[in-house]
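Let's take a friendly walk through this structure together. Keep the 3D view open as you read.

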Amino acid sequence: MITPRAAARAAGLPADELPAYVYDLAALDDHARAIRAALPGSVELYYAAKANPAPEILQALAPHVTGFEVSSGGELAHVRKAVPTLPVAFGGPGKTEAELRLALRLGTRRFHVESEGELRLLAELADEQPGDAPVDVLLRVNLPAGDDELDGAALAMGGRPGPFGLDPRRAEACLPLLRGRRLRLRGIHAHLASGLSEGAHLVVAARVADWARELADRHGLTLTEINVGGGMAVDYTRPAVPFDWNSYGAGLRDLAVRNPGLTLRVEPGRALTAYCGWYVTEVLDLKHSHGEAFAILRGGTHHLRTPAAKQHDQPFTVLPVDAWERPWPRPAALDEPVTLVGQLCTPKDTLARRVPVAELRVGDRVAFSMAGAYAWNISHHDFLMHPAPTFHFLD
Ligand SMILES: *Cc1c(COP(=O)(O)O)cnc(C)c1O
């Protein structure tokens, strides 16, 4: 699965520009527009910048999103510079005093608070800002998951003991800490898992809304926002089957009708940008070992860590290169399963295992798809000191 524009660029790049990351920004624009259109107009769409914070990606998303979710002072400063006009929400565990100060100084007015300690610190710092608008707070709560609810999730971050968010009982204990401070409790945040189907995500969203309403009723509060997180599934084994945003949007519409006065917000990362990027490289060597074919590619998991981190086969397309100028026979795999590895001296440097190919030869190019999120920016670039890839953003 590669767009014609990305395939043309991947095939046309001079060999000394490989490996390369190629991003189709027009495809990203279409994808983000379709997601925005599938969601009810009242639902706010934030992009979780950690999925891929490249400025070109943030700027391509800007017309379609309400704002950006950032999870560190570094991301915050970076996003403010790349897209100065859109709001940011500052989430993530372990925020330091310096990061909170930076966020307030840069005008951040929405924080996802992860603990009582963080709330106390933020309250102190917000009180030091005389004359400024109050700071909006969502309490990130680790709600218990129903039986089997997060079973399909690739990465559960809640619903069980964990470092993320507040235990529901401790969230109640936070309420008195907000009184008389320059903090305004706006609502509840819950990002319980990554890799949820639309049905599972809606179940979680409904439960977050119920829990928020009950909390508000118990304490006579008015809560106006809930953020039901990101984690919309991206299925690397089925690149052509994306998250069903239309049925998800319809479910959110029902939820909004059942909860008048409550603004719903989502903050996907992967499902927005995974599909717009390709890691393109070439076959350097090809050998058979104990009866199995191995293709050794220029680059590897130090550029594209996603398959190593998630233990999957990164989907790919072979881009044949017919020219062969060496005076010896061209090594090839024909109609057989091939394991695609990189240049690192470790068996973990595997991008795809025993995937059947019709033909793969030394010198052919390979474009790994679904490399637009959690790819380059989560990789251990310096291990073995191979050169960095080149980057190409196609408008
Ligand atoms: C990582 C993260 C997201 C985005 O998750 P995706 O799986 O990329 O959609 C959203 N919110 C929070 C709090 C996160 O940590």
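A residue is near a molecule if one of its heavy atoms lies within 4 Å of it. By that rule, 14 residues surround the ligand, and the closest are K50, S194, G231, E267 and Y374. This is a predicted model, where local features need pLDDT of at least 70 and side-chain atom pairs count only at pLDDT 80 or more, while totals for chains, interfaces and linings use all residues. Residues are numbered from 1 along each chain as its sequence is written, and side-chain values use heavy atoms, with hydrogens and water left out.

What kinds of residues make up the shell around the ligand? By class, there are three nonpolar, six polar and five charged residues; here Ala, Val, Leu, Ile, Met, Phe, Trp, Tyr, Cys and Pro count as nonpolar, Asp, Glu, Lys and Arg as charged, and the others, Gly among them, as polar.

Now turn to the whole protein. It is divided into domain 1 (87–268) and domain 2 (275–394), with bounds that come from an automatic or database domain assignment. The centres of the two domains, taken over C-alpha atoms, are 38 Å apart. Seven residues from domain 1 and eight residues from domain 2 take part in the contact, meaning heavy atoms within 4.5 Å.
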